[in-house]
Amino acid sequence: MEKTDNELVLDSLRDQRHYAIIVERYNGKLSSYIRRISGLKTEDVEDVLQEVFIKAYYNLNSFKQHLKFSSWIYRIAHNTTMSELRKRHVRPLYYYEENDLISMVDAFYIESHREQQDFHEHVRTIIQKMDEKYKDVLTLKFLEEKDYKEISDILKIPEGTVATRINRAKKKFRDLYENP
Amino acid sequence: MNNLSDKILETLEKKHIAPKSKYVFLLTDILFWVVGVVSLVIGSLAVAVTMFILHGQQWLWLRRVAGPAKIILYVFPYFWFFLFILFILIAYISLRYTARGYKLTLCIAGLVYIVTTLCGGALLYYIGIAPKVEEQLIIHTPWYEHMLLPRQHIMHNPENGLLLGVFETDEDYSYIRDRDNIVWTLDMSEFDMDDIDADEDIHEGMVVHALGKKIKDYVFEVKEIMIPPTPLWRPKEGVQEEMKEKLHQMRSIK
């Protein structure tokens, strides 16, 4: 039977080698998350990812059982990515694949016109126009498929604020989509 | 194992990276809680002293020299008010740094803090800590004494019948030495000693506040006299006897 994240954390604290399983488990998810919220190139994403895993290991004792481990490590990934972008003096350039864009449009229950030639570009432009705080919650909710509590734990904001931001982001998206 | 996990383990080993002790995190968390609680206590103290200062004013007396807006402008304890705001902010920031502090919205956390501080302040005021705190600050900190100047200014207006200063006596007369070191001879003929509360034992060296009328230069007819809840400034050591004698002689001639 596969070990839970919490068990792996305890194992890693006893023996460093167990940490490799955590790295393997979260490598793919965090890699795509970092890419989505930063727009960094693949090599740079890998550098940030390494830093995330090293930071997570160094701070492993600060992980509290009341949190989900995934929320905790996503939080580290988010903060490390943002601080890396600050170091480079660039603003986060949220990057979404075509599938990501379709997922978001579907989640907003908007009648999409996927057959249109410029559909993806249109949706991408709308999302880029939105505030970073909205893009953060939209990414976590509709692409990373996190629930409100997890988003609250990742971004360290109250759950009520998460809900408000998602609703406002949806409304803003609809307005921009329907009245470009 | 994939490439990345190999690299990570290699880096951890090469750089001798080990997890930071759990006690460091525990102590940090405790530290933020302590700062939060201490901030609440100081905030409550600020509320208590503010209540004490506002409640301790002789509003009816002060109305002789200024309107309500001006009185509030002069007696409002800005220092304590800003201290209250500052420590509410510090308490909120410390809460945000605790493990679960981010779960509360600014509105809820702010409301909880303000209500707690107001209740704490009322309690401290009720048990009588506020005058002790203010008195100690007046005695030991010159900067605090300096901040009381506006309050002293509005309480001392001989032209309009208010006199504030240190009470002094000799065999014949009583005097009030004001903040500018001017000695006022008190005409007590209109003053009824029974008006003084039994627990208000006025003696030399005390800061007192008198209500009455300026009869002529440096002579003040007293109708009522009271001891301010706190001394308002540090009484100077020693009475300048010679100066008092000279003034007394001058006034007797007049």
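How many residues does the contact take from chain A and from chain B?

## Where the two chains meet

The contact takes 25 residues from chain A and 20 residues from chain B, two residues being in contact if their C-beta atoms, placed from the backbone, lie within 7 Å. This is a predicted model, in which local features need pLDDT of at least 70 and side-chain atom pairs count only at pLDDT 80 or more, while totals for chains, interfaces and linings use all residues. Residues are numbered from 1 along each chain as its sequence is written, and chains are lettered from A and ligands numbered from 1 in the order in which they are written.

On the side of chain A that touches chain B, at least two residues each come from helix H2 (19–38), helix H3 (42–58) and helix H9 (159–178) of chain A. Helices here (H or I, at least four residues) are DSSP runs, numbered from the N terminus. H3(A) gives the largest share of that side, with six residues. By class, that side of chain A holds twelve nonpolar, nine polar and four charged residues. Ala, Val, Leu, Ile, Met, Phe, Trp, Tyr, Cys and Pro count as nonpolar, Asp, Glu, Lys and Arg as charged, and the others, Gly among them, as polar.

## A helix pair across the chains

Let's look at one pair of helices. H2(A) packs with helix H1 (residues 3–14) of chain B at an angle of about 140°, and their axes are 9 Å apart. The axes are lines fitted to C-alpha atoms over the stretch in contact, and angles run from 0 to 180 degrees between N-to-C directions.

From H2(A), the contact is made by Tyr19(A), Ala20(A), Val23(A), Glu24(A) and Asn27(A); from H1(B), by Leu4(B), Ser5(B), Ile8(B) and Leu9(B). Six of the residues in this contact are nonpolar, two polar and one charged.

## Two domains in chain A

Chain A is assigned domain 1 (5–87) and domain 2 (98–178), with bounds from an automatic or database domain assignment. Their C-alpha centres lie 24 Å apart, and their contact takes nine residues from each domain. On the domain 1 side, H2 and helix H4 (69–87) of chain A each supply at least two residues, and H4(A) has the largest share, four residues.
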